[in-house]
Each structure stands twice: as structure tokens, then as C-alpha cells.
Amino acid sequence: MTTTGSTPPADASQRGEPPPHRQPGGLLVDREQACGRLRAALSGLGDGRSTAVRVLGLPGSGRSALLRWTAALAGQAGVRVMCGRGSAQESGLRYGVAQQLLGSVALRDRPVFEGRAASSAPSRRALTADLCRTFLRAARERPLAVLVDDLEWADPCSRELLDTLSRRLRQAPVLLVTAAGPGSGRQRAPAPPAAGAEVVELRPLSVSGTRTILERAHGGPVDDAFVEAAARATQGSPKVLCASVVPLVRGPLTGSPATLAELTSRAGDAVGKQVSELLATLPDDLVRLLRAVVVCGRELPPALVCALAGLRTLSAARAIGLLRAAGLLVPGEPLAVADKRTAACVLAELTHDAREELYAAAALLGHQTAIEDEKLARLLLGTRRTDRPWAVRALREAAAESRSRGDDAASARFLRRALKENLDQGEQARLLLELGSAEMAGSAHAGDASLVQVIMDTADQAGDQVVTPLRLGAIDLLYAKGVEAVATGLADRHTPAADPLSSPALWPIELTPTEEQSDDRLLERLLDSSPAIGLAGQPVRAALAGWRLMLRGRASGRSQKLARIALHHSRGDGSLFATRIMASRVLVVHGQYDEALAGLDAVLAETTQRHMEAVTGRALEARAWTYLRAARLVEAELDLDLLRERLPARRWHPSVSLRFTTLEVVLRVYKSEFGAARRLAEAAVPVAGWDATGWPGLLFARGCARLGDGDAARAAADLEECGRRLLHKQIMHPNFISWRYFAAVARHLCGDTQEAARLAEEHQRLSSAWNPCSAVGTVALSLALTSDRELGGDPLVRAAHGMSREAQLPSAPELAAWTAARLSAGTPAEPGTGPIPDVFDPARPLMRNTAF
């Protein structure tokens, strides 16, 4: 573009201006490309070429510094410079920016904006044209640079003038540079300039740019970790970086925790100060909209957010565009503020009551427009009690949805908020039960308080058909979690008034003292507490009595009968899933696998609710043990996989984690994976609060793994220690944990045949009164130890059941001796060898290295 009468500007490169990265404040670091384009545009004015440049960048990105640098460079080149800046306070002043531009230079023919009578005042269109001609006349006299910062806040008349001027740049040498926020292009502000327009986008500082500013401020090299941390903390903002670093240059800028913490704190303060200064200049409409966005921008559509804000002077589109241009809102939908620090600054001026009222208004609007339950629940988290039934429903539904996708923390938050509403006792107990379950799912050490509160707060509602199942559910969850300390504390604080469950008069024979009971002690203590004293019906008492009889190895028929009573009559107010699981385990030890599986299947079918998954886990554990004892390895492994899926290891309370680990170790031994089983068992450690059979069970599993792995001495030590712990608790039944039999095998391998014979004979003597079918699990595990292949399916089932028939079952001493011989030899026996004929016919596929 060529114009006459123009004075060519001097070459800026000959003026010796400092490089951009050495400009005061460091705000032009990483802006070399933008400076180069503006320098080229200024040079083009000497040839009569006009250019329009639009600079886009967030506040603090250096766009104002870039315009100041451009003005200085233009002045050095002999170019006339007009400067103006939009502001929120003057966005309604007609031609406010235009007056700033004209007032920044001395012009002979300056338009008059005021002082005319209304009748003689020119129209807006005429005045805009007159102003445009004034700018062009000035440019013809001398090349002109028009620089406007914060264009998004310019008044409509001034924006219209700049639009008009941008379309007439060919008529005179003019450099038109406007700077605005990156979102300003979405609003109805000045249209993009005509031909030759350029857009310069100021992006966040690179790591290299951050290093340059830090090294210049510090006067030397800076630690790499500090540079990277500074880039993250300041989000690439030159202004925030400079404000954060200047106070730190007293000492070395290293990546030490103290220095990084101070940097992060100062960066947060700098951002907060920048946002606070900007908020102080915003019109009321924009402040209200910002607050509404912080409260419900992600939950409500933009139209409803703007309706909540109650915009008076700005349209929704214009208000959103201004906030995006100011860097306070991020692009796109849903509406959201830039970061948490901005959100905190926006709400800082609101009182607590004002915040709650804003959240309540947003929640009511969301309910009226039928938004999703989770979105509505998130709004309700910020409100006080609403006394509206729909609030509780929404919070419960949101909690359930959160649990279904595994977000237990969110579920717990929604339920805690729901408990603040006005609730009847039954509804409160239900919410507490669900809260306790959600807390248990989130942490192995949480949930106790909520479950205990269900039991205690409803103690006066013993006969209530709504409350009683909830109290039973709380006891089931506490039992499934295995926290004996909670039960003990509950029982100690609330001494039973009458009819304690542990009274000796309730039992058909003398049973063990309290301090010697096994894991039934936990359930008994829960039921003996005053708040729960009336919950123990006949099925509960029958299950506990049958369990104790089984552990003592006495009254086989009576024990099984009591277990069947517990299973068949466990319906209604007196039932507990815990006692049904216990009764099924009694039948398993007696070899009644089909009955036990039917009972456990029923428990699993009735505990599908999300809040009962801990009980489901205990039932799956019991069913997996049942399958193992029946030599059904495939089903046992499927249940173990399902248990891991329902209850990941991170959610196992230490008191029950040993039980699940023991299950996996024994399964690996059944599959002849002795090395893996041993490593898993040896990695487990005892913890405080395990039940009476938890650690002995793991000792048994570890002993079997070591036995299969060839370490007979340590296996014998583990198995005998398991036996000592069980005998201390007076747990006598040989098939509950068959430690005597496998200790006999280990003693055989160690050469102590006398002790081996004693242990095996004792196992045989104590087992003689029980159904021989109960021995199938011990036989199957013995067979697994003598194989280097994975057993399973029909071969193992046929072999184990065949050997367990009453007519063919070998004595325990004979079976132990044969197992030890096979482990010691390591090769298949010759036909007819070994102490056990027929059953161990080598033609059967049961020997080491034989295909199944």
C-alpha cells in the first residue's frame, strides 16, 4: 500500500532498542516472534503499507507489555502513536476509547464530543465517519500507530470506529494494533480487520522461557526441578512468574521441598491478587454471573446459569464472552472458571449464608428443570437443610450411582449430606447403613461409627419391621468387616440388662469361656450389647451353638441339626446373614457340601444390594472353601476371582485379609503351584485384631506350601504352631483345619516316624466319629502334594471321593506314610509297592509325573 506525503520512519533496527527478552520485567520473554511481526509492520509504514494486528492473550501474558514496547519502538522510528485502553467502568461511555486515542496526541482538527445542543449533535454514524477521517488525516501527515489494549471492554461506539478504520487502512499509512483476551473473538466485538490483518496469539511461557526469566532474576543458573515446578505453579504466566520469583532471589533457587512450597504459595498469592484486582473492576452483572458459574456452571446449562445470575444490563452471550476474554472462564461448555484459585477468589466476598442461599437457589432451579440426580446432589452439598423430600431422594440416587461406578468417596459425601435433612428414624437408619458400607468400601478402617450408630440409635425400636432389618444389616456388616474391638467396646459400654446371648443356660452343653472362643466371639459380643439384645432369634442361637459344638469336636448329629435349623429358619426379624454363613461352614466340616452350597447360594442371592458387598465377600469366601474341600478347583478359583472383583485388596480390613490370603495360598497348593503359594504365604504378616482362626489358618496354608516345596522342617514348625494356637482356643475338630495329618507327613519326611505316627493316629481317632465324606478335602490336598501337575476337574474329584468311601478310606497313618514316601521319592512307585493297596494302584493316574 502506498500513500503520498508520508514520512518514512527510521529503521527500528538502527535505533538500538533492547532485545525483547531484556525488556523491563521480563514480560516479553518468549515473545520474540510477536515482536518480530510488529517490528516488520512498523517498517512497512515507511513504504506506505498499512497493517492491522490483533494480539490475543490472557491477562498477565504480556500483551500490555507488548503494546508498550510497540509504542516505544514506533516513537523511536518517528511514527505518531495514539494509545487507548478499554475498561469495565467505562464500557458504557460513548466513544470513551476514541477520546483516549485522540487525547494522547496533539491534533489541529479534533472532533468535539460534548457541548453541542441535542438538536445540533451529529448522529452516531456521522460522528463515527468524522472521527475516522480525523485518524486518516493524521496518518497522511505522519505515519500513525493506533494501539488499543483490553479491546473487549471498549464501548460499542469506539469498537464501531475501529471497525470502520480497519476497513479504510488502504487510504493512509496506519498500524492498527488491538489487544484482547483469547475469548473476545466469540463476542460481538470489532469484526476482524480487512485484508492484511494478522493475529498474534500469546501462548503460555515455555520451560525455556521460564528458565530465562528465573536466571535473569537470580543472576545465575537455576535448578531444573525448580524451573519445572515454577512452570507448573505459574501456568506459564509471565506476570505471575515475575511476582512469585522476585521475593525468592535471596537464596538459591533449588528443588528443595521448602523452596518449592514457598514458590507454590507465592504463585497462588500472585494469581489471587491478579484475580481480585480484576474482580474489583467488573460490573455487578459479571460478578453475579461468575458466582453463579462457580456454584452451578458444571451442573446447569448456560441459559439457566445466566438466569440464576439475573443479568440486567448485559446479554448472556456478551457477558460470557467478556469473562472468557478476561481469562476468568475457560472456553466451551459447561461453563467453568479457570481454576480453583479463581473460584475461591470469586466466592471470597460472599458470607457463608449467602453462599448457601445461592446453592439452594441453584438446586431448586435444577430440580424444577429435572437435571440429573448427581448434578442436583452436587448442588445440594453446598446447601443447608432444605426440608424438601426431593433432596433426600436425589442424594440417595446420586450416592447409589457413585457406588455403582466405584466412587465410594462421593457416595459417602452425598449420604452424609442427606443425613442433615429432617428424617424419620427408619430413613435415618437406612442412610447410616449405606454410609457405613460406603465408608468401608473407601477405607478398610472406616465405617464403624455409622454402623454402631444404626444399632444404638434404634435400640428403642426393637419390634419395628422397618428398623429391625437395618439393625441386623449393621451387625452383619460389622461382623463381615471383622472389627472385634468395635464389638468389644459396644458390649462393654452397654451391659446387657437381661437374657445375654452368651449365658451358659442357653446352650445344650458346657461351652468354652469367653476368652477362649473363636470368631463367634465377635458376633456374640455384637448381639450381647444392650442396643442389640433383642435381635437374637432362634436361628442365631442355633447357628452359634452348632458352630461351637463343631469346633469342640462333639455331638456331630446335634451340631448338624442346629446348623440346619439356622439355615432353614433364617427368615424374618431374627435372621442374620452372618449366622447363615456360619451354619453353612459347620455343614462343610461335616462333609455336607450340597446343603452348605445351597445355604451359601441363598445368602449370595439375598445380598445383591450394593451396601451389603462386604457380606457378599464373606459368603464368597465361604463358598470357595466349600468348593476346595469338595475338590472342585475350577469353581473355587472362579469364586476367588469374583471375591477380588467385589472386594479389591485395598478394601480388606487387616482382620479378614489373612483369611482371603489363606484361601489363595491353599488354592495354589491344590494346583501344585508350591513356589507361588509359599511366596504369597511368607509375604503375609500377623496383624492385631485377627480372629482366632485367621493366623492359624495362614500357618496351615504356609506349612502345606513349604511341604510341597520341599522344606519339611519349616513346614512341620508351621503346622505344629497352627495346632498349638487352635488347641489354645480349644478348637479340636480335626477336619476344621487338618493340621495333625499334614504335620505327620512333615514329620515322616524329617525322619521322626514316632511323632508322625502319633499325630496321624490322633487325627484318625478324632475323625472316627464323623462322616467319612468330610475327609475328601484332606485326601485331595494330599494327592495335590504328590503331583507336579495341576489337579482339577473329574480326575481329582473321582480319586478323592473314591478314597474317601468308608470301605476304601485308608487310615490316616497309612495315608500320611504313603504321601511322605511319594514326596520323598519324587518318582512314580512300582506296581504293588507302598503300604496302601488297591486305592493307590499305580494304574490310576494319581502318581507324580503321570498325565491326568
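How many bridges join strand 1 to strand 5? Hi everyone, the answer is five, with strand 5 covering residues 197-201 and the two strands running parallel. Strands pair when DSSP finds at least two bridges between them.

A quick word on the model. It is predicted, so local features need pLDDT of at least 70 and side-chain atom pairs pLDDT 80 or more, while totals for chains, interfaces and linings use all residues. Residues are numbered from 1 along each chain as its sequence is written, and side-chain values use heavy atoms, without hydrogens or water. Helices (H or I, at least four residues) and strands (E, at least two) are DSSP runs numbered from the N terminus.

Back to strand 1, residues 51-56: six of its six residues are buried, meaning under 20% relative accessible area with a 1.4 Å probe, protein chains only. Thr51, Val53 and Val55 point one way, and Ala52, Arg54 and Leu56 the other. Leu56 sits opposite Glu201 in strand 5. Strand 1 also pairs in the parallel sense with strand 4, residues 174-180, over six bridges, and there Arg54 has Thr178 as its bridge partner.

Now for some helices. Asp408 belongs to helix 17, residues 408-418. Is Asp408 buried or exposed? Buried, with a relative accessible area of 6%. Its side chain joins that of Arg403 in a polar contact of 2.9 Å; such a contact is a pair of N or O atoms within 3.5 Å, and within protein one must be able to donate a hydrogen and the other to accept it, with sequence-adjacent residues counting only if both atoms are side-chain atoms.

Methods
Buried means under 20% relative accessible area, exposed over 50%, partly exposed in between (1.4 Å probe, protein chains only).
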